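Me: I'd like to go through this one and check what each label rests on. Can you show it to me?

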Amino acid sequence: MASMNIRSGDTVEVIVGDVDSRGKRGKVIVVNPETHRVVVEGLNLVTKHRKPRSAQEQGGKFDQPRPIDVSNVALVCPKCGQTTRVNHVLGDNGKYLRSCHKCGAVIDSRAEKKQTRTAKGKTTTRKSKKSDSDEE
Ligand SMILES: [Zn+2]
């Protein structure tokens, strides 16, 4: 349940909805696995009218993206630019990575690099250098 195929930073395309929003693309800025909703930059905007409640606060209109159900958007592959289903492929480190169903590109390469970096150990037991170096 907690695993969603869409993560923040992905580009998605709206696949349902009215004419205005369908086919639009945007970058996912928030993912909520509990509600299965995503917030996409510049999409599903709601214009809020706000009255100033205090002297500091400015009134006026501003656009705010509303969460969309994740089933209403499709992942856009960064490689081939098509909306695609997500395949899961086993990566080198035993973790499953997302890959494009259409072109096969691995979408999670960036996340994987972070993982491999942590492999460097802190368990280096070093002797003090001075004893080894022969100085005249
Ligand atoms: Zn692709």
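Me: Where does H36 sit?
Reply: H36 lies in the loop between strand 2 and strand 3. Strands here are DSSP runs of E with at least two residues, helices are runs of H or I with at least four residues, and both are numbered from the N terminus. Mind that this is a predicted model, where local features need pLDDT of at least 70, side-chain atom pairs count only at pLDDT 80 or more, and totals for chains, interfaces and linings use all residues. Residue numbers start from 1 along each chain as its sequence is written.

Me: Why is H36 called partly exposed?
Reply: A residue is buried if 20 or more other C-beta atoms (placed from the backbone) lie within 10 Å of its own, exposed if 12 or fewer, and partly exposed in between. H36 has 15 C-beta neighbours inside 10 Å, so it counts as partly exposed.

Me: And what makes N44 buried?
Reply: N44 has 20 C-beta neighbours inside 10 Å, so it counts as buried. N44 is in the loop between strand 3 and strand 4 (45-50).

Me: What is phi like at H36 and at N44?
Reply: H36 has a positive phi near 60 degrees and is not a glycine. N44, not a glycine either, has a positive phi of about 55 degrees. Most residues other than glycine have a negative phi.

Me: How do you know that strand 1 and strand 2 pair?
Reply: Two strands pair if DSSP finds at least two bridges between them. Strand 1 (residues 11-14) and strand 2 (residues 25-32) have three bridges, in the antiparallel sense. T11, for one, has K27 in strand 2 as its bridge partner.

Me: Which order do the strands of the open sheet take?
Reply: Six strands run 6-3-2-1-7-8, with antiparallel pairing.

Me: What makes a group of residues a nonpolar core?
Reply: The term means a set of buried Ala, Val, Leu, Ile, Met, Phe, Trp, Tyr and Cys residues joined through C-beta atoms within 7 Å. The largest one here has 16 residues, and I6, V12, V38, V40, V73 and L75 touch the most other members. Strand 7 gives the largest share, four residues.

Me: Which residues does V73 touch?
Reply: Leaving out residues up to four places away in sequence, V73 touches I6, V12, E13, V14, I15, V38, V40 and I68. Contact here means C-beta atoms, placed from the backbone, within 7 Å.

Note on methods
Contact = placed C-beta atoms within 7 Å.
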